[in-house]
Amino acid sequence: MRCLLDLTGENHSEETLYRQMQFPPAPTDRPYVFLNMVSTLDGKITLGEVGDTAMGLGSSIDKELMKRLQDNAQAVIIGASTLRAGHITYPSSLWRAVVTASGNVPADCRFFAEAPDRAVVFTTERMSEEQRNALQDVAHVVVCGADRVNLSLALAFLRRQLGIERLLCEGGGELNFEMFAAGLIDEWFLTLAPKVKGGRHIPTTVEGMGLPRERVVQMQLLSVYEHEGELYLRYRRQG
Ligand SMILES: NC(=O)c1ccc[n+]([C@@H]2O[C@H](COP(=O)([O-])OP(=O)(O)OC[C@H]3O[C@@H](n4cnc5c(N)ncnc54)[C@H](OP(=O)(O)O)[C@@H]3O)[C@@H](O)[C@H]2O)c1
């Protein structure tokens, strides 16, 4: 692995990159939030079809870095489609939260089974009674809005009720957009895999409605590492 740029003043090797990181302190009303995604050069977040997992996208080093970033977090948050895509598993010590308006998430998956006391479902009043009963057995179910989950309220819950100071967001693209739009992403760790997928219907790292020109989020590049053409980028939100 090569260090191409590191404005943190550090110079890491494959062994040390993203281990025991220092982050700015969390605000009082939400955790400090860092996003981690891997994409193709054209921004796609799966090599398969819509709804498939990210399998095969990143290298073994990317997977190792993903684990290290999880080790730096107290909780992780994902969108419901990412959970529905399957194969989501985390260390049992990590709080895990899923965001769903519909409540349509499988109650019998590893995401819940591996840590029933540390699982949270952020949902809306749209969730059916039946689904709520099923999920209440495996997670803390928190209603944060009528039609959409108010993500600022959800993150305030994590900070104030659970004491979470460092939150890792792991996508997908829809949730990422809503998090950026609400000003809730502080840093972005982006692995760029030297692959091209194409396909206008295939999700990209940030989806949603798009931000108006005057609200586009400005990010500052903090570091760039490289291994066999794969780039490990770290950005911090400016201002
Ligand atoms: N390459 C990577 O690093 C990476 C990382 C993660 C995921 N992925 C891939 O990305 C794809 C999924 O991404 P995606 O963009 O389609 O979906 P997503 O962001 O994972 O999930 C979207 C869903 O999350 C819920 N949601 C998000 N924000 C909400 C809000 N504010 N209020 C209420 N509900 C909200 C809704 O759930 P309901 O529909 O239940 O209402 C929505 O349909 C999968 O193929 C997955 O494998 C790749």
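## Strand β5

All 5 of the 5 residues in strand β5 (residues 119-123) are buried, so this strand is largely enclosed by the rest of the structure. A residue is termed buried if 20 or more other C-beta atoms lie within 10 Å of its own, exposed if 12 or fewer do, and partly exposed in between, with C-beta atoms placed from the backbone. Strands (E, at least two residues) and helices (H or I, at least four) are DSSP runs, numbered from the N terminus.

The model is a predicted one, in which local features need pLDDT of at least 70 and side-chain atom pairs count only at pLDDT 80 or more, while totals for chains, interfaces and linings use all residues. Residues are numbered from 1 along each chain as its sequence is written.

In a regular strand the side chains alternate between the two faces of the sheet. Both faces of β5 are covered: buried residues Ala 119, Val 121 and Thr 123 lie on one side, and Val 120 and Phe 122, also buried, lie on the other.

## Partners of β5

Strand β5 pairs in the parallel sense with strand β4 (residues 95-99) over 4 bridges; two strands are said to pair if DSSP finds at least two bridges between them. Within this pairing, Ala 119 of β5 is the bridge partner of Arg 96. Strand β6 (residues 140-143) also pairs with β5 in the parallel sense, over 4 bridges, and Val 143 in β6 is the bridge partner of Thr 123.

Together with helix α4 (residues 129-136), β5 and β6 make a right-handed β-α-β unit. Right-handed here describes a crossover in which, with the strands pointing away from the viewer, the path from the first strand over the helix to the second runs clockwise.

## Strand β2

Strand β2 (residues 32-39) is mostly covered, with 7 of its 8 residues buried. It pairs in the parallel sense with strand β7 (residues 166-169) over 4 bridges, where Leu 167 in β7 is the bridge partner of Val 33.

A parallel pairing of β2 with strand β8 (residues 187-192) runs over 6 bridges. In β8, Trp 188 is the bridge partner of Leu 35.

## Tyr 232 in strand β10

Tyr 232 is found in strand β10 (residues 230-237). This residue counts as buried because it has 24 C-beta neighbours inside 10 Å.

Leaving aside neighbours within four places in sequence, Tyr 232 is in contact (C-beta atoms, placed from the backbone, within 7 Å) with Leu 17, Leu 65, Thr 191 and Tyr 225. Gly 172 is 60 residues from Tyr 232 along the chain, and their C-alpha atoms are separated by 18 Å.

Terms used. Two residues are in contact if their C-beta atoms, placed from the backbone, lie within 7 Å.
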